[in-house]
Each structure stands twice: as C-alpha cells, then as structure tokens.
Amino acid sequence: MKPPGSPPIHASDVVPGLASRQLAWQVLQAVAAGAYADAALERELAAMARAGERLAPADRALATEIAYGAIRQRRLLDAWIDALGKVSAVRQPPALRWLLHVGLYQLLFSDRVPAAAAVSTTVALAKRAGLGRLAPVVNGLLRSLLRRRERPAGSGPCPCQEPWDGLALPADPAAALALRRSLPPWLAAGLLDWLPPERAETFTLACNAVPPLDLRVHALRTSRDALLERFAAAGVAARALPGIPHGLTLLERVGDPRALPGYGEGLWYVQDRSAQAIAPLLDPRPGQRILDACAAPGGKSTHLAELIGDRGEVWALDRSEARLRRLDRNAERLGLTAIRSLAADATALGELKPHWRGAFERILLDAPCSGLGTLARHPDARWRISPEAIDGLVLLQHQLLEAMLPLLAPGGRLLYATCTVEPRENGERIATLVAAHPDWTLLEERQWWPTPAAAECGGGDGFYAALLQGPGLAPDT
Ligand SMILES: C[S@@+](CC[C@H](N)C(=O)[O-])C[C@H]1O[C@@H](n2cnc3c(N)ncnc32)[C@H](O)[C@@H]1O
C-alpha cells in the first residue's frame with residue numbers, strides 16, 4: 001500500500017541514496033497501516049520494478065536494513081522523539097513520525113551512514129513528499145539528537161555508546177529493558193520472569209540482530225560438501241553448521257536466495273538451524289505412516305520425508321489452503337513423493353477422518369504459536385502479538401494436542417513443537433497434557449533460546465520441543 005502523497009521512487013534520484021530511504025519510509029508507513037514487513041518490502045520493490053526502476057544491490061540492502069531496523073527499534077525511536085520533540089511521537093502526523101524514525105535509526109544504529117547524509121536525506125525526503133513546511137522540524141530534531149549525544153549532561157566529552165545513552169531510563173527494570181531494547185513492556189517483564197537478567201539481555205540482543213540465512217541440504221540428492229563446492233565456485237560464501245548434519249549457513253547477505261545454485265534442482269531448502277533439529281527428534285523410520293498436523297509451508301514435512309528416504313507416507317495437513325499450495329510447490333521442487341497434502345482443521349480430524357484412529361506411528365504437531373523465538377526474522381511481530389492473543393493460542397494448542405492423541409498408533413511418538421519461548425505455550429501445555437493423560441510418557445523436552453550468531457555456533461531461532469510416547473507397545477519393540 002503506497003502512502004498518500006509519496007512521489008514515485010527513482011533509483012537515479014539526484015540526492016544520492018534518497019531512493020533507498022524513501023523505500024524504507026514507505027515500508028514503515030505500510031507496516032503501521034497493518035501490512036507485514038516482508039510483504040510490504042516486496043510490494044514496494046515490485047512497484048519500483050514495474051515502473052522500470054531497479055535499486056542497486058547495495059541500495060536495496062540499505063533500504064532493508066533501515067526499514068527492518070527501524071521497525072524493530074520503534075519503541076526506542078519513539079522515546080527519542082518524545083525526549084527531543086515538542087510533540088510526542090504518537091501525536092506526530094504519522095508520515096512525519098515514520099520519517100523521523102528513518103533518520104533517527106540511521107543516526108543511532110548505522111555504522112556505514114555518515115550523520116550528515118542521514119540528516120540531509122531525511123530532510124530532502126520531507127521536502128520531496130510535500131512535507132516541506134515540516135522540513136525544519138525534521139532537521140531540528142535530528143540535529144538536537146546529535147547535540148544531545150555529544151554532550152548528554154551538558155558538559156564533558158561524549159560517553160554515548162549505546163543508542164539509549166542520553167535518554168532518561170525508567171527505574172523499573174522491565175520498563176527500562178523494554179525501552180533500551182525496544183520491546184513491548186509485557187514481553188520485557190515476561191523475559192525477566194523466565195530468565196536471569198543477563199540471559200534476558202542476550203535474548204533481546206538476538207531478537208534485534210539480523211538473523212543468519214541457513215539452508216538444509218537435501219541429503220537424498222546431494223551432499224553438504226558437494227553443495228558447498230558449488231557455492232564456492234559461484235562465489236557464494238557459506239560454511240557447514242557444526243552439529244547439524246545437513247545444515248549450512250551463508251556468510252554474506254544475498255538478495256533473493258532462489259538465485260543461489262541448486263535451488264531449481266531442489267538441492268536445498270531454507271531452514272533455520274534450530275528448526276533443523278526438530279524433525280530428527282521424532283526418529284522417523286522408512287516405511288512409517290507419519291502425520292504432520294500443522295505442516296505448511298512444509299519445512300518439517302519435507303525434512304521428515306528426506307529422513308525416511310522418501311519411503312513411507314507423510315500426511316501434511318494445514319488449515320490454510322494458500323499455505324498448503326506453497327507446501328506442494330516445495331515438495332515438488334525437492335522431488336519428494338512420500339508427501340500427501342490435505343487442507344483440513346486438525347482439531348476436527350476425529351470426525352473428518354474416523355479411520356485415522358490409531359493410524360500413525362509418528363505425529364508432529366508444529367503448533368501455531370506466538371513466534372517469540374523468531375522475532376529477529378519478523379521485525380514487526382513483537383508489535384502484533386499480545387498477551388490476549390497468546391491466551392487464544394494456548395486454547396488452540398490444547399485443542400490440537402487433544403485431537404492428536406487418538407490418532408497415534410500404540411506405542412507411537414508424538415512431537416509437540418513451537419517457535420516460541422513463552423512457557424504457557426510450551427512446558428505448561430505439556431505438563432497439563434501429561435497430568436490429564438498419565439498413560440502418556442514425556443521422553444524428552446528441550447527449549448532453544450535464541451542467541452546472537454557467533455562465528456561457530458549460536459544464532460538459531462528459539463524453539464521448544466517435547467517428545468511423548470503413547471500408551472501400548474509399538475510393533476517393533
Ligand atoms: C508453525 S506453522 C507450521 C510450520 C511448518 N511446520 C513448517 O515447518 O514449515 C503453523 C501452521 O499451523 C496452521 N494451523 C493453524 N491452525 C490449524 C488447525 N486448526 N489445523 C491445521 N493447521 C492449522 C497454520 O496455517 C500454519 O501453517
């Protein structure tokens with residue numbers, strides 16, 4: 001959705017770098033109006049391409065960094081507007097508020113943009129978009145940030161290192177954490193409940209970092225070494241992920257991963273390193289009948305099919321037909337014939353498929369969840385989710401879990417997984433389930449906390465997994 005009054009973007013604009021900032025500004029406005037960040041960015045880039053304009057890769061990378069970064073840092077950037085402006089952030093005209101975010105983000109977070117360029121491009125954008133009478137406000141506020149951070153206490157040299165230095169922080173630890181790391185206050189309070197303070201801090205660093213791009217090598221079609229060789233020959237820097245048998249990670253940003261070698265041949269699938277640990281936990285075997293009850297877009301269904309050598313049945317269900325079409329395309333690209341997709345509500349399978357009672361030796365329930373383990377990947381997610389929405393998800397997760405139990409074959413295994421760190425959706429769900437069904441055994445439970453990427457390890461999304469065994473004896477035991 002194009003913000004009203006925005007002039008077309010020209011990659012060849014006379015002010016260097018204006019097009020990338022304008023693109024970022026439009027993404028911020030679209031997200032504020034309800035769009036998803038990645039979809040808004042794609043739409044804006046597509047609109048440019050239709051107009052015959054194309055951003056150079058470096059400009060596209062800058063636009064993405066500013067847009068995603070400013071969305072993540074919304075709370076902190078608003079606090080700066082509150083501190084420096086005559087009008088608070090939420091009372092600013094929205095177009096101005098988001099334009100100020102574009103400028104403030106560059107001044108506070110960007111190593112590669114000189115301060116003068118950040119100010120001049122933001123002011124130029126205001127003039128160009130018909131906000132000329134507000135250009136002095138933009139100029140004044142950005143320059144007062146620079147002054148404030150040069151002399152925060154009115155004297156002495158600048159000790160400002162952190163992007164919040166120069167702001168008054170609240171005394172309450174959760175409110176201060178929310179402001180420093182730009183989180184909704186309820187999430188900051190939750191983190192300090194769930195984790196010791198230093199680990200809560202690590203979590204916030206991870207969710208404000210640019211996430212790595214990891215791939216899962218399709219082991220039935222190629223080896224990780226062979227794929228790394230192809231990448232190296234094409235000049236794509238990548239390395240194997242230690243401890244993750246088919247995982248590799250890219251060492252540099254790439255534009256569209258589909259342009260990487262081997263995509264069309266179905267040699268790999270984009271999948272985060274923590275997500276790659278989930279399907280193997282189920283210990284799937286060739287010839288088994290497996291249900292993946294919340295399957296789209298197919299990351300774990302395709303992994304399951306690969307792990308069983310594409311021999312057996314992987315029933316991939318999802319309530320969303322649109323997402324299921326993506327799963328079908330993924331299965332086809334990877335050439336996996338064991339996958340059978342079905343659009344259905346998994347909470348109603350007992351009525352829809354009565355003959356599925358006791359039919360599956362393995363069930364994966366990768367449940368819809370709050371996604372608090374993947375905040376780095378979804379810059380706008382922290383501003384969408386709420387404790388009330390989590391209440392609704394907890395109820396759905398309970399219904400989904402209960403609906404799975406009758407479908408498992410005697411002695412079969414059920415793996416419950418989420419990409420969140422909220423205990424109500426994870427350990428508490430499983431404790432409630434096992435208390436209500438004492439003949440079910442909890443075999444293993446793991447919580448992965450997101451950590452910032454280091455050279456050799458870390459950097460994965462946050463995930464939870466609980467492996468349960470149903471009552472009765474499996475035929476092979
Ligand atoms: C976490 S995502 C699944 C990701 C997938 N397992 C993968 O690895 O690519 C959760 C999925 O659950 C689906 N879903 C939500 N409620 C459902 C229901 N009642 N029945 C079936 N699918 C449902 C959503 O459409 C969404 O695709």
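A disulfide is taken here as a pair of cysteine sulfur atoms within 2.5 Å, and the legends below describe close-up views of a predicted model.

**View 1. Alanine 67 in helix α3.** Helix α3 spans residues 57–72 and includes alanine 67, a residue that is buried, with a relative accessible area of 0%. When its neighbours within four places in sequence are left aside, alanine 67 is in contact with Ala24, Val27 and Leu28. Glutamate 313 is 246 residues from alanine 67 along the chain, and the C-alpha atoms of the two are separated by 42 Å.

**View 2. The largest nonpolar core.** This core has 57 residues, and those with the most contacts inside it are Trp25, Trp80, Leu104 and Val138. Among the elements that give two or more residues to this core are α1 (18–32), α3 and α7 (135–150). Apart from its neighbours within four places in sequence, leucine 104 is in contact with Leu77, Trp80, Ile81, Leu141, Leu142 and Leu145.

**View 3. A second, separate core.** Cys294, Leu396, Ala403 and Leu408 are included in this core of 30 residues. Cysteine 294 counts as buried because its relative accessibility, 16%, falls under 20%.

Definitions and conventions:
Residues numbered from 1 in each chain as written. Predicted model: local features only at pLDDT ≥ 70, side-chain atom pairs only at ≥ 80, totals over all residues. Heavy atoms only, no water. Buried < 20%, exposed > 50% of the residue type's maximum accessible area, 1.4 Å probe, protein only. Helix = DSSP H or I, 4+ residues; strand = E, 2+ residues; numbered from the N terminus. Contact = heavy atoms within 4.5 Å. Core = buried A, V, L, I, M, F, W, Y, C linked by side-chain atoms within 4.5 Å.
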